[in-house]
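I opened my notebook to record, step by step, what I looked up in this structure.

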Amino acid sequence: MEAGIHKDLGMEAGIHKDLLCVLIPAFNEAKVIRRSILSCYKAGVAPANVYVVDDGSTDQTADIAQHYRTNVLTIVNSGKARALEAGLLHFHLADRYDYIMILDADSRLSEAYLPAMKRAIAEHPEVVLFSSVQQSERTSRWNPLTAYRAMEYTVFGGIVREAQHLCSTISIVPGPGSLFRSEVFASMDFKHLTLIEDIEWTCILHRRGYGDRIWYVPEPVVLTQDPRTLREFCGQLMRWNRGIWQVIRKYRLGRGGQRIDVEWAVLLLEQCVLSTLFLVLIPVWFYVSMRTELWWIGIDQGILLTFAALT
């Protein structure tokens, strides 16, 4: 690791234990890093509490971050997880803050984020990981892929996660906008991770017995950029699905005897068995009554498209 551009405003003010900080890993994010940083300030986070780890970018990411008075560390390109670990250790964040919030460089905090999280922390100091609401950033022109992803965030990120919260079985805490207790985040594995670190870290906390201390907070919103082309969408979907299967195999999800295993068993049943059965039966239904099947598919897709457009 090489410590390159480094401007630590927090250290200049002296070591102190503050409530929370924002840690932003960034690789070639010159086009969007400014908006992410400014969203932190608008949400009420002081510049001294915003940390950017430039993961070996070849563009102006570090210069832009430094221009907006954040703490900046440049390292050799190592990937997101290693960048987070580098920032954690270099800035001694676990010693200086009670909570560490992870923000992707292409995501933005809503102005309601910090007040809502402060209320949640005050009401539930025992919680080790807070999950916010993830929403798609509105595009200049309507995009069916972005609209579909927005619908998924609304259904899974809102309805499903609210139900999981009530049952202490939250299966995924999204990477952008998650808030960790600092000592818990410092104890995470940063070196032997699957493709999806946010799902794996959530799983690790369940395996450690912290399932009832993972909390969903519906008020704070994080806006994130989603794929706008079919190629990007399919690439993201393949990476997510591959990472999910890696986590399932690594932690034997569905077979561990915890509540989270029951939740994953239900999710796998729905995704792998029922969905597959539905796809297999489609030709049969077409043979029995093509007109009826076309009507059902049309109604189903019409409902999804309408919901996506409204979302």
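Entry 1: Helices (H or I, at least four residues) and strands (E, at least two) are DSSP runs, numbered from the N terminus.

**Entry 2: what I am looking at.** I reminded myself that this is a predicted model, in which local features need pLDDT of at least 70 and side-chain atom pairs count only at pLDDT 80 or more, while totals for chains, interfaces and linings use all residues. Residues are numbered from 1 along each chain as its sequence is written, and side-chain values use heavy atoms, with hydrogens and water left out.

**Entry 3: the neighbours of E2.** Which sense of pairing do E1 and E2 show? I found that strand E1 (residues 18-26) and E2 pair in the parallel sense over five bridges, pairing being called when DSSP finds at least two bridges between two strands. Tyr-51 in E2 is the bridge partner of Leu-23. From E1 the chain crosses through helix H2 (residues 33-42) to E2, and this β-α-β crossover is right-handed, a word used if, with the strands pointing away from the viewer, the path from the first strand over the helix to the second runs clockwise.

Strand E3 (residues 71-75) runs parallel to E2 and is joined to it by five bridges; there, Thr-74 is the bridge partner of Asp-54. Here the chain crosses from E2 through helix H3 (residues 61-67) to E3, and this β-α-β crossover is right-handed.

**Entry 4: the whole sheet.** I then followed the sheet across and found eight strands in an open sheet, in the order E3-E2-E1-E4-E7-E6-E8-E5, with mixed pairing. E3 and strand E5 (107-109) stand at the edges with a single partner strand each, so one side of each is left without a neighbour in the sheet. E1 also pairs with strand E4 (residues 97-102), in the parallel sense and over five bridges, and I noted Tyr-97 in E4 as the bridge partner of Asp-18.

**Entry 5: two loop residues.** Most residues other than glycine have a negative phi, which made me look up two residues. Asn-28, in the loop between E1 and H2, has a positive phi of about 50 degrees although it is not a glycine. Ser-168, in the loop between H7 and strand E7 (178-181), has a positive phi of about 55 degrees, and it is not a glycine either. Are these residues buried or partly exposed? Asn-28 is partly exposed, with a relative accessible area of 31%, whereas Ser-168 is buried, with 17%.

**Entry 6: a helix residue.** Last, I looked up Val-160, which lies in helix H7 (residues 144-167) and counts as partly exposed at 24% relative accessibility. Its C-alpha atom and that of Ile-170, ten residues apart along the chain, are separated by 8.9 Å.

Key: Buried means under 20% relative accessible area, exposed over 50%, partly exposed in between (1.4 Å probe, protein chains only).
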